[in-house]
Number of protein chains: 2
Amino acid sequence: MPAARPTRIQQKNRAAILDAALDVFSAQGFRGATVDQIASAAGLSKPNLLYYFPSKEAMHGALLTELMDNWLSPLRDLNPDGDPMQEIMGYVHRKLQMSRDFPRESRLFANEIVQGAPRIHAALSMDLKNLVDDKTAVIQSWITAGKIASVHPYHLLFSIWSLTQHYADFDVQIRAVLGDEDPFEGAPDFVDTLYRRLLTP
Amino acid sequence: MPAARPTRIQQKNRAAILDAALDVFSAQGFRGATVDQIASAAGLSKPNLLYYFPSKEAMHGALLTELMDNWLSPLRDLNPDGDPMQEIMGYVHRKLQMSRDFPRESRLFANEIVQGAPRIHAALSMDLKNLVDDKTAVIQSWITAGKIASVHPYHLLFSIWSLTQHYADFDVQIRAVLGDEDPFEGAPDFVDTLYRRLLTP
DNA sequence: GAATGATTTGACCAACTGGTCAAACCAAGG
DNA sequence: CCTTGGTTTGACCAGTTGGTCAAATCATTC
């Protein structure tokens, strides 16, 4: 049983499993993924997987908790004392980069939310809500101070999430429409223009 | 076998099945949905379902093809001869209303796309792409004519899709964050402001 | 009300899936 | 070497799932 002091083999295999699981879960959803798929993607046998993780649920859970933390860090870093426009634009671009660099993570999250977030509902209405309440207050103070134009702070955040993650979550659709053009060629410019025009007082 | 002239019973049951299937597929995804769930949601027995539809795939396919058509109609209606700003704002608001009134359809679509659109890839790169190519040309002509501000027309559409559908697809997350406030209270105003500021020349 | 065709269902099946387990294998230290 | 504890696996199991089928039931029409 993997315990306190993980061996080299444990570290390597756990990492391989989580990577394979991310591949499969993000592409098929929790129910669509099978332990066998994850096992062969990780180059291990099914019983061997279940030696490292007690269940399919456990793998999914491990991925989700790790994700929730990383996913929110750009918002956490929004600095109340920084330049408002620069802070928000920085947040937007960082989120867009995460969509480009970690599309699997974005899709794992999307799968979970679209299906009603059965496994992370608590985290949403606690951790996420608290963080958002906090940061929207900051944004509201910037608005009140006349530093940025007046918009509904919550909906501003929703729009940033949706717009940036859309490039990861709806990747197939975007590529089907764009043909050869790389989505991330025009995207940074577009979102930059959009939020500058929206927020310039 | 349901054939040329559908009886009253056939019409009623087919409709009940498709409605139940939409409920279940949109909430659980294709693989997550079971025929038994759909059957009991429709108030029928499993073999009875399979009397009306030859397979689970067939139900899903029927929903998707019907959806693809309805889903694109607002874009199809974008009138090249109308007032540019009014046409685009009308499109935005109509899409937002569809998110509010048909969230199940939006989520059915989202589930399919996030998982790589295995069953509608052809429709995306044919029907959708053609329509989008057509309408972006119209938008580009409005830009060239100076009627609206210059933006990447494709990314403009992507942003409208993502922003409006986000309210349906990520409903749980949005409600978890907003608490008691109804998302659709602030949304119309927000998207209106956003696109007016973006597009006003 | 008998005949005919549409509709409904209980019983069933084969494939798949998550998970178990005892036995085998292997790495490292003594 | 050989022991010890971590690692790996083939065989297996019980529950679920999509789908079938023959028989029963129902609605309509003549």
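The legends below describe close-up views of a predicted model. Local features need pLDDT of at least 70 and side-chain atom pairs count only at pLDDT 80 or more, while totals for chains, interfaces and linings use all residues. Residues are numbered from 1 along each chain as its sequence is written, chains are lettered from A in the order in which they are written, and side-chain values use heavy atoms, without hydrogens and water.

**View 1. The largest nonpolar core.** A nonpolar core is a set of buried Ala, Val, Leu, Ile, Met, Phe, Trp, Tyr and Cys residues joined through side-chain atoms within 4.5 Å. Buried means under 20% relative accessible area, exposed over 50%, and partly exposed in between (1.4 Å probe, protein chains only). The largest core has 145 residues, and A:Leu156, B:Leu156 and B:Tyr195 touch the most other members. Helix H7 (residues 121-144) of chain B gives the most to this core, nine residues; helices are DSSP runs of H or I, at least four residues, numbered from the N terminus. Leaving aside residues up to four places away in sequence, B:Leu156 is in contact (heavy atoms within 4.5 Å) with residues including A:Phe190, B:Ile88 and B:Tyr195.

**View 2. The surface near DNA strand D.**

**View 3. Polar contacts to phosphate oxygens of DNA strand D.** A polar contact here is a pair of N or O atoms within 3.5 Å. A polar side-chain atom of A:Tyr52 is 2.7 Å from a phosphate oxygen, and a side-chain N or O atom of A:Ser45 is 3.1 Å from one. For B:Lys56, a polar backbone atom lies 2.8 Å from a phosphate oxygen.

**View 4. Two aromatic pairs.** Rings of Phe, Tyr and Trp (its six-membered ring) pair if their centres lie within 6.5 Å; planes under 30 degrees apart count as stacked, over 60 as edge-to-face and the rest as tilted. Over all chains there are eight aromatic pairs. The ring centres of A:Phe158 and A:Trp161 are 5.7 Å apart and the planes stand at 55°, so this pair is tilted. Both residues are buried. B:Tyr51 and B:Tyr52 form an edge-to-face pair, 5.0 Å centre to centre with 80° between the planes. B:Tyr51 is partly exposed at 45% relative accessible area, whereas B:Tyr52 is buried at 8%.

Note on methods: Helix = DSSP H or I, 4+ residues; strand = E, 2+ residues; numbered from the N terminus. Polar contact = N/O pair within 3.5 Å; in protein donor to acceptor, adjacent residues only side chain to side chain.
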